[in-house]
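Me: I would like to go through this protein model step by step. Could we begin with the basic terms and then move on to the details?

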Amino acid sequence: MSKRKETEKHWYETVQSYTEQLVSIRSVSPGTGEILVVERVLALLCAGGIRHTYTEHGLDALEHDPYGRQNAYAFLRGKSSETIVLLGHIDTVDTKDYGPLEKWALSPDELAHRRDRLIQRKDETEDTADWMFGRGTADMKSGVAVNIALMRRMAELAQREQLPLSIVFLATPDEENESAGVLQAVQYLLRLREQYGLHYIGAINTDFTTALYPGDPHHYAFLGTVGKLLPSFLCIGRESHVGTPFNGLDANLLAAELISDLSMNDELCDRLPGQITAPPVTLHAADLKTRYDVQIPFITYFYLNVLTFTTGPDALLERLRQRTITVINHLLQRIDAAEERWSTASGVRQGVTQRQARVGTVLSYAELYRETVQHVGKERVDADLKTEWERWSSNIDAILSTCCANSRCPKGCCSNDCVRASRSTIGAKRIFSISL
Ligand SMILES: [Zn+2]
C-alpha cells in the first residue's frame with residue numbers, strides 16, 4: 001500500500017471509530033445525554049498524553065441551563081494571533097422515526113445488517129456499501145469526529161513546533177433545539193480573543209452537506225453563512241358552537257390559509273448570484289385544544305422556518321405582515337360571501353338586518369405589547385411576563401398544550417377579552433405569557 005493510501009486509511013478508520021463512539025451515546029436535544037457526549041469528546045481530544053499540549057482545554061458549563069450541559073473546547077495558541085475555529089454540534093434529533101428499528105438507532109453495525117429496510121428509495125447509481133447508518137452519523141457526529149482528529153493532529157504537531165496559526169475547537173449541545181451551546185460559545189470566543197489578543201479569520205463548521213441532485217458526484221464546501229429566522233404566528237379566531245359557525249372564526253382555518261400562503265413559497269426565498277435559499281416551511285402547528293369538544297378552536301399557533309442570506313428580522317416581519325393582511329382579508333371576504341349564500345339558502349336571512357363585513361387585525365408582538373401596556377399599565381404587564389416567563393421558559397411547548405384549552409383558561413393566562421378579539425398576531429410564541 002502506498003504511503004498516501006496508508007495515511008488515508010488511517011484517517012478514515014480514526015474518524016470512523018470516533019464517529020461510532022459518539023453515535024453510541026444517545027444525545028437527543030435537549031437532554032442530559034448531551035453532557036456524556038461532550039465528556040467523550042474531551043476524552044478523545046486528550047487521549048494518549050497530548051492533554052498538556054493544549055493552551056486550554058475543558059468543559060464550559062452553559063449558564064442557567066436546566067440540563068447542566070456544557071461545551072467542550074480546546075485551544076492551541078500558534079505563532080500568529082490569526083485564529084481558525086473548528087465548530088460542531090454533538091446533539092441529535094429524536095430516534096422515533098426509526099420505527100421498529102429504533103432500538104438499533106445508535107448502532108451503525110446493527111443497522112448495516114438491516115440495510116435493505118433502511119434504503120427505501122434505492123438509486124442504482126449509488127454505491128451504498130460504505131454507508132454508515134445511525135442517528136447523528138451524518139448530522140453531525142462524523143463532522144465532530146473529523147474536528148477531533150484534526151485537532152489531535154495539530155496538537156501532535158504543536159509538540160514539535162509552535163503552529164503558524166492559532167486554532168480553537170468547539171463542540172456544542174442544543175443545535176437541534178435552541179442553540180444554547182453556540183450562544184455560550186460566543187462568550188468563550190470573546191474571552192479568548194481578549195485574553196490572547198486573537199484575530200478570528202474564519203470558522204469551519206463540519207455539519208453535513210448532501211448531494212444536490214440524484215447521482216451528484218461533487219462534494220461541497222459552502223462559503224458564508226445561511227441565517228435562520230423563526231417567525232411565530234398566534235392566530236386568534238372566535239369561539240362558537242359548531243352548529244353556529246358563522247358566529248365564530250375557526251383559528252385552524254386562519255392558520256391553514258396562512259400556512260398555505262407562506263410554506264414552500266419561493267417568493268420568500270433570499271437570492272444571491274447563483275444561489276437561492278430553500279423556501280420556508282413550518283416546524284410546528286397546533287391549536288390549543290387538549291380534548292374533544294364541539295367548540296370551534298379559536299387559538300392556534302405555528303412557526304415558520306425561514307432561511308436567509310440578507311433579509312433581517314425587521315424586513316421579514318414587514319413582508320410577512322403584508323402577506324398576512326392580504327390572506328386574512330381574502331379569507332374573511334370568502335366567509336362573508338359564504339354566509340350570505342348560506343343565509344339565503346337556509347332562510348335565516350329574513351328578518352336579519354344587513355350584516356357587517358368581518359375585519360381582522362394583524363399585530364406584531366411589539367404592537368400587542370404596547371396596546372396591552374396602554375390597557376393595563378406597564379408595571380402589570382412586565383410583572384406578569386416575568387412571572388410567566390419564569391414559570392414556563394424551560395418547557396414552554398409542553399405546558400402550552402395543557403393550557404388555554406378554552407375560554408375559561410384554567411391557568412388564567414388568557415381571558416375572554418383576548419380570545420374574543422379576532423386577531424392574527426405575528427410575534428414570538430411566548431406571546432402567550434401576556435395576561436390581558
Ligand atoms: Zn447539524
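Reply: Helices (H or I, at least four residues) and strands (E, at least two) are DSSP runs, numbered from the N terminus. On that basis the protein chain has 12 helices and 13 strands. This is a predicted model, in which local features need pLDDT of at least 70, side-chain atom pairs count only at pLDDT 80 or more, and totals for chains, interfaces and linings use all residues. Residues are numbered from 1 along each chain as its sequence is written.

Me: What is the mean pLDDT of the protein chain?

Reply: The mean is 87, and 87% of the residues reach 70 or more; pLDDT is the predictor's confidence in each residue, from 0 to 100. Over residues 399-436, however, the pLDDT is below 50. Beyond near neighbours in sequence, that stretch has 93 contacts in the model, a contact being two residues whose C-beta atoms, placed from the backbone, lie within 7 Å. Where pLDDT is low, the predicted coordinates should not be read in detail.

Me: What share of the residues counts as buried?

Reply: Of the 436 residues of the protein chain, the share is 30%. A residue is buried if 20 or more other C-beta atoms lie within 10 Å of its own, exposed if 12 or fewer, and partly exposed in between, with C-beta atoms placed from the backbone. As for contacts between residues at least 6 apart in sequence, 73% join residues at least 24 apart.

Me: Now the sheet of 5 strands: what is the strand order?

Reply: The order is β1-β2-β4-β3-β5, in an open sheet with mixed pairing. Two strands pair if DSSP finds at least two bridges between them. β1 (56-61) and β5 (199-205) are the edge strands, each pairing on one side only. On average, neighbouring strands of this sheet are turned by 20° against each other, direction ignored.

Me: Which helices pack on the sheet?

Reply: Helix α2 (residues 33-46) does, touching β1, β2 (70-76) and β4, and its direction makes about 20° with that of β2. Helix α5 (residues 137-160) also packs on the sheet; α5 touches β2, β3 and β4, and its direction makes about 145° with that of β3. For these angles, axes are lines fitted to C-alpha atoms, for helices over the stretch in contact, and the angles run from 0 to 180 degrees between N-to-C directions.

Me: Are β3 and β4 parallel or antiparallel?

Reply: Strand β3 (residues 82-89) and strand β4 (residues 166-172) pair in the parallel sense, over 7 bridges. Gly88 has Ala171 of β4 as its bridge partner.

Me: Which residues touch the most other members of the largest nonpolar core?

Reply: They are Val41, Ile148, Met151, Val168, Phe169 and Leu170, in a core of 41 residues. A nonpolar core is a set of buried Ala, Val, Leu, Ile, Met, Phe, Trp, Tyr and Cys residues joined through C-beta atoms within 7 Å. Helix α5 gives the largest share of this core, 9 residues. Apart from it lies another core, of 26 residues, including Cys235, Ile236, Ala251 and Val327.

Me: What does Leu170 touch?

Reply: Not counting residues up to four places away in sequence, Leu170 touches Asn71, Tyr73, Val85, Leu86, Leu87 and Ala185.

Me: Changing topic: which strands pair with β11?

Reply: Strand β6 (residues 227-229) is joined to β11 (residues 299-308) by 3 bridges, running antiparallel, with Lys228 opposite Leu307. Strand β7 (residues 232-236) pairs with β11 in the antiparallel sense over 5 bridges, and Ile236 stands opposite Ile299. Strand β10 (residues 281-287) is likewise antiparallel to β11, with 6 bridges; there Ala285 stands opposite Phe302.

Me: Where are the cis peptide bonds?

Reply: One runs from Ser29 to Pro30, with omega near 0°; Pro30 lies in the loop between α1 and α2. Another joins Asp139 and Met140, with omega about -15°, and Met140 is in helix α5.

Me: And Asp174, is that residue buried or exposed?

Reply: Asp174 counts as buried because it has 24 C-beta neighbours inside 10 Å. Asp174 lies in the loop between β4 and α6, and its phi is positive, about 70°, although it is not a glycine.

Me: What about phi of Met264?

Reply: Phi of Met264 is near 65°, a positive value in a residue other than glycine. With 13 C-beta neighbours inside 10 Å, Met264 counts as partly exposed.
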